[in-house]
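Open the model in your viewer and keep the selection tool ready. We will go stop by stop.

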Amino acid sequence: MDMYHTVVVEAEPYPFEFVPAHCALLIIDMQRDFLETGGFGAMLGNDVSELRRTIEPNRKLLAAWRAAGLQVMHTREGHRPDLTDLPPAKKVRGRSTTCIGDVGPMGRILVRGEPGHDIIPELYPLPTEPVIDKPGKGAFFATDLHAILQNRDIKQLIVTGVTTEVCVNTTVREANDRGYDCLVLEDCVGSYFPQFQEMGLQMIKAQGGIFGWVSQSANVLIALK
Ligand code: C5J
């Protein structure tokens with residue numbers, strides 16, 4: 001692949017153009033506790049199949065992206081084991097009997113180093129792919145993501161992962177304010193709530209792409225060929 005040749009992807013509200021050398025695939029929070037049937041998300045009564053449908057398209061996209069020699073980064077939402085980076089407001093939000101830091105079905109919930117906090121095996125990062133551990137919903141808040149992207153000369157992001165209306169949307173908005181172009185792939189992002197999936201994507205591409213572009217992974221795969 002010519003790393004400096006402009007690649008055009010069919011997208012809404014209009015085609016997304018990227019230069020491979022300056023574009024990274026950013027996979028948000030594909031963690032076991034959010035996606036697996038024995039995880040924390042499922043324990044709360046969420047239908048994880050709404051998220052699990054994103055695994056196969058992400059797997060295919062990741063394989064193609066890696067094969068093209070392009071840059072990949074992953075994020076995980078979670079906290080230090082001593083919870084010093086957990087705002088008290090986040091800990092008590094939801095008034096749940098089981099909250100962040102407590103023992104859940106796959107270890108302590110959203111705590112780094114616990115099995116549930118890790119990325120699902122289907123999309124497991126290679127040692128060469130940066131993993132950004134983030135304490136918030138957005139991947140730029142209290143992380144070195146912006147520095148890593150700048151050091152690697154990345155200006156555009158293809159964003160996938162979960163959940164569409166929470167960590168994906170927050171990250172896209174943060175990225176947009178920092179000057180990155182973001183393309184979000186509908187089949188590679190998921191929400192426990194179908195109406196939020198729909199509106200989360202509408203909000204990104206509305207008003208001429210106020211936060212970015214929306215497409216399908218098949219269009220990226222075609223463009224990479
Ligand atoms: C993410 C969440 N990753 N919904 N977290 O979206 O709490």
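A salt bridge is a side-chain nitrogen of Lys or Arg within 4 Å of a carboxyl oxygen of Asp or Glu. The model is predicted, so local features need pLDDT of at least 70 and side-chain atom pairs count only at pLDDT 80 or more, while totals for chains, interfaces and linings use all residues. Residues are numbered from 1 along each chain as its sequence is written, and side-chain values use heavy atoms, with hydrogens and water left out.

**Stop 1: Glu12 and Lys205.** Select both. They form a salt bridge, with the closest N and O atoms 3.0 Å apart. Glu12 is in the loop between strand S1 (7-9) and strand S2 (16-18), and Lys205 is in helix H8 (residues 194-209), so the pair ties together parts 193 residues apart in sequence. Helices (H or I, at least four residues) and strands (E, at least two) are DSSP runs, numbered from the N terminus. The structure holds 12 salt bridges.

**Stop 2: Pro13.** Pro13 sits in the loop between S1 and S2. The peptide bond joining Glu12 and Pro13 is cis, with omega about 5°.

**Stop 3: the ligand.** Which residues surround the ligand? Select Asp29, Phe34, Glu77, Lys137, Val162, Thr163, Val166 and Cys167. Near here means a heavy atom within 4 Å. This shell divides into 4 nonpolar, 1 polar and 3 charged residues. Ala, Val, Leu, Ile, Met, Phe, Trp, Tyr, Cys and Pro count as nonpolar; Asp, Glu, Lys and Arg as charged; the others, Gly among them, as polar.

Stop 4: A polar side-chain atom of Glu77 lies 2.9 Å from a ligand nitrogen atom. A side-chain N or O atom of Lys137 is 3.0 Å from a ligand oxygen atom. Thr163 uses a backbone N or O atom, 2.9 Å from an oxygen atom of the ligand.

**Stop 5: two shell residues.** Stay on Thr163, in the loop between strand S8 (156-162) and helix H7 (164-177). The peptide bond from Val162 to Thr163 is cis, with omega near -15°. Now select Asp29, in the loop between strand S3 (23-28) and helix H1 (32-35). Phi of Asp29 is near 50°, a positive value in a residue other than glycine.

Key:
Polar contact = N/O pair within 3.5 Å; in protein donor to acceptor, adjacent residues only side chain to side chain.
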